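This briefing is for a reader who is new to the structure shown below. It starts with the sheet and then turns to the helices and to single residues.

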Amino acid sequence: MRNTFGHIFTLTTFGESHGAGIGGVVDGMPAGIAVDIDFIQAELDRRRPGQSSITTGRQEGDRVEILSGVFEGKTTGCPIGFLVRNSNQRSGDYENVREVYRPSHADYTYTQKYGLRDHRGGGRSSARETISRCVGGALAKLALRQLGISVTAYTSQVGNISIDRNTISLK
């Protein structure tokens, strides 16, 4: 598993689903970028589980804390450290799968690659690791916004169900 992504703008992630928290360090962010914490939180809220019937029912009130690299609402040019504390982990809920690999999870693959298994929700291979990617992406969007660049994405097809691209209005 790679923990650092990027070359000029890098994101290094840390944490496990049942540890104290999930976080990251962004390096390469230019100085002077206005940091809109509400925007970052809104991006993080988009990935939060418990918002539909096809996700986990856990209510995770994930709140991002900026630890370094921001002063008076602007980036300093130094690495930006951030943390989202885990507050709703119930490790005991996973005792029944201590010796069983869960279908559609990375439990087995992770064990084969690293020789270690964290049965408490997948540990480092949990989907909670995407928290760091969301925050890092939000910071990148803030830097791009200053250059007049926006990022838009959508799903055009799932299986054999697709939408007519000519009817989509991207604003």
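Two strands pair if DSSP finds at least two bridges between them. Helices (H or I, at least four residues) and strands (E, at least two) are DSSP runs, numbered from the N terminus. This is a predicted model, in which local features need pLDDT of at least 70 and side-chain atom pairs count only at pLDDT 80 or more, while totals for chains, interfaces and linings use all residues. Residues are numbered from 1 along each chain as its sequence is written, and side-chain values use heavy atoms, with hydrogens and water left out.

**Overview**

- The protein has three helices and nine strands.
- Along the sequence these elements follow the pattern β-β-β-α-β-β-β-β-α-α-β-β.
- Of the 171 residues in the protein, 33% are buried. Buried means under 20% relative accessible area, exposed means over 50%, and partly exposed lies in between (1.4 Å probe, protein chains only).
- Contact means heavy atoms within 4.5 Å. Among contacts between residues at least 6 apart in sequence, 58% join residues at least 24 apart.

**The sheet**

- Five strands form an open sheet in the order S1-S2-S3-S7-S4, and their pairing is antiparallel.
- Strands of a sheet pair through backbone hydrogen bonds, either parallel or antiparallel.
- The edges are strand S1 (4-5) and strand S4 (64-68); each has a single partner strand, so one side of each is left without a neighbour in the sheet.
- S1 and S2 pair over two bridges in the antiparallel sense, and Thr4 has Thr12 in S2 as its bridge partner.
- The hairpin of S1 and S2 has four residues between the strands, and Gly6 in this hairpin takes a positive phi near 100 degrees.
- S2 and S3 form a hairpin as well, with five residues between them. These two strands pair in the antiparallel sense over six bridges, and the bridge partner of Leu11 in S3 is Val26.
- Strand S3 (residues 21-27) and strand S7 (residues 80-85) are an antiparallel pair with six bridges. Here Gly24 stands opposite Phe82 in S7.
- S4 and S7 pair in the antiparallel sense over four bridges, with Val64 opposite Val84 in S7.
- Five of the six residues of S7 are buried, so S7 is largely enclosed by the rest of the structure.

- Axes are lines fitted to C-alpha atoms, for helices over the stretch in contact, and angles run from 0 to 180 degrees between N-to-C directions.
- H3 lies across S1, strand S2 (10-15), S3, S4 and S7, and runs at about 35 degrees to S3.
- Two packed helices are described by the angle between their axes and the distance between the axes.
- For helix H1 (residues 37-47) and helix H3 (residues 130-146), the axes come within 9 Å and cross at roughly 140 degrees. That makes H1 oblique to H3. Angles under 35 degrees count as roughly parallel, over 145 as roughly antiparallel, 65 to 115 as roughly perpendicular and the rest as oblique.
- On the H1 side the contact is made by Phe39, Ile40, Glu43, Leu44, Arg46 and Arg47, and on the H3 side the residues include Thr130, Ile131, Cys134 and Val135.
- The residues of this contact of H1 with H3 divide into nine nonpolar, one polar and five charged. Ala, Val, Leu, Ile, Met, Phe, Trp, Tyr, Cys and Pro count as nonpolar, Asp, Glu, Lys and Arg as charged, and the others, Gly among them, as polar.

**Single residues**

- Thr10 is in strand S2 and is buried, with a relative accessible area of 16%. Leaving aside its neighbours within four places in sequence, Thr10 is in contact with Thr4, Phe5, Val25, Val26 and Asp27.
- Gln41 belongs to helix H1 and is buried, at a relative accessible area of 5%.
- Apart from its neighbours within four places in sequence, Gln41 is in contact with Asp62, Arg63 and Val64. From C-alpha to C-alpha, Gln41 and Val64 are 6.6 Å apart in space, and they are 23 residues apart in sequence.
- Glu72 lies in the loop between strand S5 (70-71) and strand S6 (74-75). Glu72 is exposed, with a relative accessible area of 70%, and its phi is near 50 degrees, a positive value in a residue other than glycine.
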